Amino acid sequence: MTLRLFNTLTGQLDELAPSDGKALRMYACGPTVYDYGHIGNFRTFLAVDVLRRFLLLRGVAVRHVMNITDVDDKIIRNAGAAGVPIGQYTAVYEQAFFDDLEALRVQRPELIARATEHIERMVELVQRLAAAGAAYPTEDGSWYFRLKAFPEYGKLSKKDLGGMEDGARVDVDEYEKDSARDFALWKAAKPGETSWETAIGRGRPGWHLECSAMSMEYLGESFDLHAGGEDLMFPHHENEIAQSESVTHKPFARHWMHVRFLLVEGRKMSKSEGNFYTLRDLLLKGFKASAIRLALISVPYRHQLNFTFDGLTEATAAVERLRTFAARLKNTEWPAGLSPHTRGADAEVFEIVDTAKRDFYAALDNDLNTAEARAAIFDMIRKLNTLADSGRLHLSDSRAALAVLADFDAVFDVIEDRDAEATHAAVAWAKAAGRLQEVTPELLARQELTGEAIEALVAERTVAKKRRDFARADQIRKELAEKGVVLEDSKDGVRWKRK
Ligand code: AMP
Ligand code: ZN
C-alpha cells in the first residue's frame, strides 16, 4: 500500500510519491511572525508534521521547505506601532514559533526560508512575469499580476470567477473571498515603510509572490506537494499557481493539501469571543504539551476539529495510558510474578499485535486517518492489558507489541515524556514577560522549589533507588525537571543544578 492523500486540485484521493523517485519535495506555508502562534496555526503545522513523519516511517525521503513571512502588512503596522525595525520585531516571534514547535515536537523542515532574504528572487520573478505579459506596473511604482493573462485562474479553489473585472485591482495581502482582482506582486515604498531598492523600483514584495519565488528556488519549477490551512486555498495558493505557471508553463505543485480550520468549543476562535488560545496559554493552565499535541492531531486533518477542554483532558488521560502501557511492556518482571522467559510467542497475542499494525498503517495510508490509526493502537493496548493481567504476555510478545508502539510513536510522538521541559520553558517565559498572573497557582507552586526542598527530594530519590523503587525515583526526577532542576548521577553521588 502507499499513501493516498486528498488532493484539492484534482478533488480526489491521489497517491503521493516522489515524482523524481528520490525525495518527496514539499512546501508548507509557514507563519507570519507578527504575534504568538495560536492552536489553530499549530493544528496545521502538526498535520504537516504527521504527513512528514508518516512518509519517513514509510521509508520515503522528504525535502520539506517552509517559509517564514517576515514582511507583510501586519508586520509593518505592528513594528511601526512599537517603533522598532521589522527585523527586530519579527525576531521575537520567529524564535517563539520555533520554541512552540519544539514543545509540540514538530520536526524541523529540511529548509526554512525567510522572505526578507529572498527579495532578489522575487524581483526576478516579477521581471519574468512582466516579460510574459502577466505583470504590469502602476503609476505609483507598484506591480500587479494581470489575471486575464492566466485563464486557468480559479482551478484550485474551483471558484466561479465569472464576474472578474479586467483591470480591477487589490493591494492588500489578505483579501475577501470571491473578489478575484489583479493582485499586488510588488508594493511601491510608502514613506516610513520598510522597502528595498531593486531593479523594479523601491518597494517590498506582496505575500503571494514570496511563496512562489521561494518554493521554486528550493524545490524546482514543478514539485510534489504544497500544503497550508484551508483559508490559504484562495486567494493565496491560487495566486501562487498563477504567478508560477505563467512563467514556467509547467504544473507548479502536483498535489495540494489543505487543513481544515480548528474551532474552539464549537466557535470560531477570536480574541473578542475570549476563546483565543496560544500554545503558551494552555501550558500555563497546566496542560501537558504531549496532550495538546495528541488532541490536535487525533482528528483527521480534513475534518473540522472542535477543540474543547474536555477533549484536552481526554487526551491527557490517553497519553498516560500509552505511557503506562509502554512501561508495562518494558518491565520484564510482570506483576503476576511470571518470568518473562517462560515461553515463546502466543498465537492470540501475535494476532492482536499484527492486526494493530496492519490497521494502523492502513488508516494512515487512507488520507492520514489519525483517528483510526490511534484507535487501532488503543484496541491493542486494551486487549494486551487484559492478557497481561492474567499473566499471558511474555517477553517475545511484548517486544513485538513494543515495535508496533514505536511505529505509532514515530508519527504521534507522545510516549517519551518530555513534558516537564516544555512546561518549565513556558513558565520561565511568563516570568520574563511579566505574565506570571496567567500561570495557575498549582503550577507555580510546583515551579518554585527551595534548595532544601530539592535536597529532600534528591535524598528521597536515592533511598527509592536503593529500594529498587525505580518508578518513584523516576517520578522524582521528572518532578524536579518540571521545576527546571536537572540531576546528574555520578559515582560520588547525585548533583543537581537549576537550568
Ligand atoms: P499565518 O501565520 O496566519 O500565516 O498562519 C499559519 C498557518 O496556520 C496557515 O497555514 C493558516 O492557514 C493556518 N491557520 C490559521 N488559522 C487556523 C485555524 N483556526 N485552524 C487551522 N489552521 C489555521
Ligand atoms: Zn504561502
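Five strands line up as an open sheet in the order β5-β4-β3-β12-β13, with parallel pairing. Strands here are DSSP runs of E with at least two residues, helices are runs of H or I with at least four residues, and both are numbered from the N terminus. Two strands count as paired if DSSP finds at least two bridges between them.

A word on the ground rules: this is a predicted model, in which local features need pLDDT of at least 70 and side-chain atom pairs count only at pLDDT 80 or more, while totals for chains, interfaces and linings use all residues. Residues are numbered from 1 along each chain as its sequence is written, chains are lettered from A and ligands numbered from 1 in the order in which they are written, and side-chain values use heavy atoms, with hydrogens and water left out.

Contact means heavy atoms within 4.5 Å.

## Salt bridges

How many salt bridges does a search of the whole structure find? The search gives 46, each being a side-chain nitrogen of Lys or Arg within 4 Å of a carboxyl oxygen of Asp or Glu. One of them brings together D73 and K187, at 3.1 Å from N to O. D73 lies in helix α2 (residues 73-82) and K187 in strand β9 (residues 182-188), so this pair ties together parts that are 114 residues apart in sequence.

Another salt bridge pairs E193 with R204, with 3.3 Å between the closest N and O atoms. E193 is in the loop between β9 and β10 (196-198) and R204 in strand β11 (residues 201-205), eleven residues apart. A further one joins E314 to R374, whose closest N and O atoms are 2.8 Å apart. That pair links helix α9 (residues 309-330) with helix α11 (residues 370-389), and the two residues are 60 residues apart. Elsewhere, salt bridges that share partners join D49, R53, R105, R293 and D413 into one network.

The table shows how accessible the paired residues are; buried means under 20% relative accessible area, exposed over 50%, and partly exposed in between (1.4 Å probe, protein chains only).

| Residue | Relative accessible area | Class |
|---|---|---|
| D73 | 24% | partly exposed |
| K187 | 9% | buried |
| E193 | 23% | partly exposed |
| R204 | 4% | buried |
| E314 | 42% | partly exposed |
| R374 | 13% | buried |

## Domains and their interface

The protein is divided into domain 1 (4-259), domain 2 (273-412) and domain 3 (423-498), with bounds that come from an automatic or database domain assignment. The C-alpha centres of domain 2 and domain 3 lie 27 Å apart. Their contact takes six residues from domain 2 and nine residues from domain 3.

About 680 Å² is buried between domain 2 and domain 3, and carbon and sulfur atoms give 65% of that area. Buried area is the accessible area (1.4 Å probe) that two parts lose on being put together, summed over both. Which residues of domain 2 lose the most area to domain 3? They are R280, L283 and L284, together 76% of what that side buries. Zero salt bridges are found across this interface.

Helix α8 (residues 289-297) has nine of its nine residues buried, so α8 is largely enclosed by the rest of the structure. Among the buried residues are I292, R293 and L294.

Further along, β16 (residues 485-490) and β17 (residues 493-498) run antiparallel and are joined by six bridges. A hairpin of two residues connects β16 to β17, and S490 has G493 in β17 as its bridge partner.

I476 lies in helix α16 (residues 470-482) and is buried, with a relative accessible area of 0%. Leaving aside neighbours within four places in sequence, I476 is in contact with L457, E460 and R461.
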